[in-house]
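User: I would like to go through this model with you, one topic at a time. Please keep the answers plain.

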Amino acid sequence: MKSTPLSLIAGTVALAAVTGFAAFNAPGDTAPAKAASASRLPVERSSLLCPAPSDSELADTAYTSYTPAGKGTGGESAAELKEARPVTDDGTSDTSDTTEKSGKSSKTGKGDASTAEKTVVALKEAGKPVTADADGADAPALVGTATGALAPGWSAQQTTSVTAGSTRGLLGVSCTAPDTEFWFPGVSTAAKAQDYIHLTNPDSGAAVVDIQLFGPDGDLKADVGDGIAVPAHSSVAMLLSTLTGEAVDDATAHVTTRSGRVGAVVRGAREDAGSDWLTASADPSATVVLPGIPADATSVQLIAYAPGEDDADVKVQLIGKSATFAPAGNDTLHVKSGMTASVDLKNVTRKEPGSLRLTPVEGERATPIVAALRVVRGTGSAQEIAYIPATRPVGARASVADNRAKGSTLSLVAPGATAQVKVTASAGSEGGEQTVKEYTVKGGTTLAFTPPVPSGLKGSYALTVETESGGPVYAARTLALPEDGVQMFTVQTLPDDRGTVEVPAAVQDLTVLDD
């Protein structure tokens, strides 16, 4: 007698990926199928992409890479951010070894994609961030991969300070994962704006990208924008105003790929109000939350877009320090299908921190939308802008790197039930021990506070937020670094890091006995 094992693992995993569970019987078993209980396991690989920081010679950029301490996978671990390749005049990627330009090694020749990029930041251990610096306009875009124990929850932050010029400001961005579709409400093609969309390709084959623009009257006539080629391991930046002849102050950009994957982010700049990065809105949803409006915001512009066939009528609610209420005169917003709607909420927070929630006016007409805020601090020549896109909840865990001893504000929002949250301040990049504190976020309020700082901090550190119990929590970190009277600041949201994946567990022996 011999035994022949039947491998149904692949089919079971595929079913679980679609349905969330799987059930099966052994051959000949007529009993009811047993469900395979799912478990969550750490991801084994993560990818992140960072845009080219600036085109200003005055730019000073800090990169920070971080993975929170926790249960990771076994085997070898690595997390590296490497230079993306420059694009040559003929639109192809330069495959020569980029380390030649720094004089550190000789040219390897055109061909091997795995050896052509120079490592900029290399993370060696979880729980402690590592940093690197770059100056001027030549700092490249970065492509990165984390594996093993450094993959679950891996994050990277790029923070650039530009003290003068048309792109003056504090430009912060959490480096993004590659994808095939992005929504950017809040872009502009107006003459007073200089909005560039940065597309970065992490893969070994070229990606082909389409960009559509939608204004208050619908689709903007685009002269170009279809079939944009992004070579392998390279990054391309395009000025949005060159894609159309129509000048629109508040528009929405829709980025899709015909082939391949890219990271996409917009660097927005206003003539008299500085610049910052706009990351993509969360996927279209009937209810969206935009957390972390600074208490001293002097202007808040809400931009929303309805991508479906139906118009959206939404309630606009400010989730404040102690209650949720409708802004006076702006309690609802009508968003026509395929058109961008915007409303000036002015200084809606009234010197108190807050967050915005958009929900359907009528529950049975829940039309998905995307949304973002353009926030201004200061007045006159001292104005400074930042963006807050709609975001996913913190979920199990979310992190943001590059926090300083001074200047960080953490905003936690519980739009529904009260929630208990744990906040961990990591060890410092150059020294210091982690600090952990717990907070209660009352339902229907925004809790904004100076986050904990590692004891004996040297360098910068990361913040990790974990939902312990209660309702969903949304979060954002504001980093403020004033310069010569200008309130320079940047805001990053903290969506769930998706550091685990649901995997079905086998519950029945599938061995078949053969005579």
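User: To start, is Cys175 buried or exposed?
Analyst: This is a predicted model. In it, Cys175 counts as buried, because its relative accessibility is 8% and the cut-off for buried is under 20%.

User: Which residue does Cys175 form a disulfide with?
Analyst: The partner is Cys50, and the two sulfur atoms are 2.1 Å apart.

User: What is the handedness of the link between Cys50 and Cys175? And how many disulfides does a search of the whole structure find?
Analyst: The link is right-handed, with 110 degrees about the S-S bond. The search finds one disulfide.

User: Let us step back. How many helices and strands does the protein have?
Analyst: There is one helix, and there are 42 strands. The protein has 515 residues, of which 51% count as buried. Among contacts with a separation of 6 or more, 80% come from residues 24 or more positions apart.

User: Now the aromatics. How many aromatic pairs are found?
Analyst: The search of the whole structure gives four aromatic pairs. One of them is Phe214 with Tyr305: the ring centres are 4.9 Å apart and the planes are at 35 degrees, so this pair is tilted. Phe214 lies in strand 15 (residues 207–215) and Tyr305 in strand 23 (residues 297–305), 91 residues apart, so the pair links distant parts of the chain.

User: Are Phe214 and Tyr305 buried or exposed, and which aromatic cluster do they form part of?
Analyst: Both Phe214 and Tyr305 are buried. Together with Trp183 they form one aromatic cluster.

User: What about Tyr439 and Phe449?
Analyst: Tyr439 and Phe449 form a stacked aromatic pair, with 4.3 Å from centre to centre and 25 degrees between the planes. Tyr439 is in strand 35 (residues 435–441) and Phe449 in strand 36 (residues 445–449), so the pair ties together parts that are 10 residues apart in sequence. Both residues are buried.

User: Which charged residue sits over the ring of Phe489?
Analyst: That is Arg377, whose charged end is 5.1 Å from the centre of the Phe489 ring.

User: On to Ser355. Where is Ser355 placed, and what does its side chain make a polar contact with?
Analyst: Ser355 is in strand 28 (residues 354–360). Its side chain makes a polar contact of 3.1 Å with the side chain of Thr446. Ser355 is buried, at a relative accessible area of 0%. Apart from neighbours within four places in sequence, Ser355 is in contact with a list of residues including Leu290, Gln317, Val413 and Thr446.

User: Leu290 is on that list. Which residues does Leu290 itself contact?
Analyst: Again leaving aside neighbours within four places in sequence, the contacts of Leu290 include Ser355, Leu356, Leu358, Leu373 and Ile388. Leu290 also belongs to the largest nonpolar core, which has 31 residues; Leu290, Leu302, Leu333, Leu356, Leu358 and Leu373 touch the most other members. A second, separate core has 29 residues, among them Leu220, Met238, Val255 and Ile385.

User: Where do His233 and Arg350 lie?
Analyst: His233 lies in the loop between strand 17 (228–230) and strand 18 (235–239), and it is buried at 12% relative accessible area. Arg350 lies in the loop between strand 27 (340–344) and strand 28, and it counts as exposed at 63% relative accessibility.

User: Last one: what is Gly416 in contact with, neighbours within four places aside?
Analyst: Gly416 is in contact with Gly443 and Gly444. The C-alpha atoms of Gly416 and Gly444 are separated by 5.8 Å, although the residues are 28 apart along the chain. Gly416 lies in the loop between strand 32 (408–414) and strand 33 (419–425), and at 41% relative accessibility it counts as partly exposed.

Technical notes: Residues numbered from 1 in each chain as written. Predicted model: local features only at pLDDT ≥ 70, side-chain atom pairs only at ≥ 80, totals over all residues. Heavy atoms only, no water. Disulfide = S-S within 2.5 Å. Buried < 20%, exposed > 50% of the residue type's maximum accessible area, 1.4 Å probe, protein only. Phe/Tyr/Trp six-rings, centres within 6.5 Å; stacked < 30°, edge-to-face > 60°. Helix = DSSP H or I, 4+ residues; strand = E, 2+ residues; numbered from the N terminus. Lys NZ or Arg CZ within 6 Å of the ring centre and 35° of its normal. Polar contact = N/O pair within 3.5 Å; in protein donor to acceptor, adjacent residues only side chain to side chain. Contact = heavy atoms within 4.5 Å. Core = buried A, V, L, I, M, F, W, Y, C linked by side-chain atoms within 4.5 Å.
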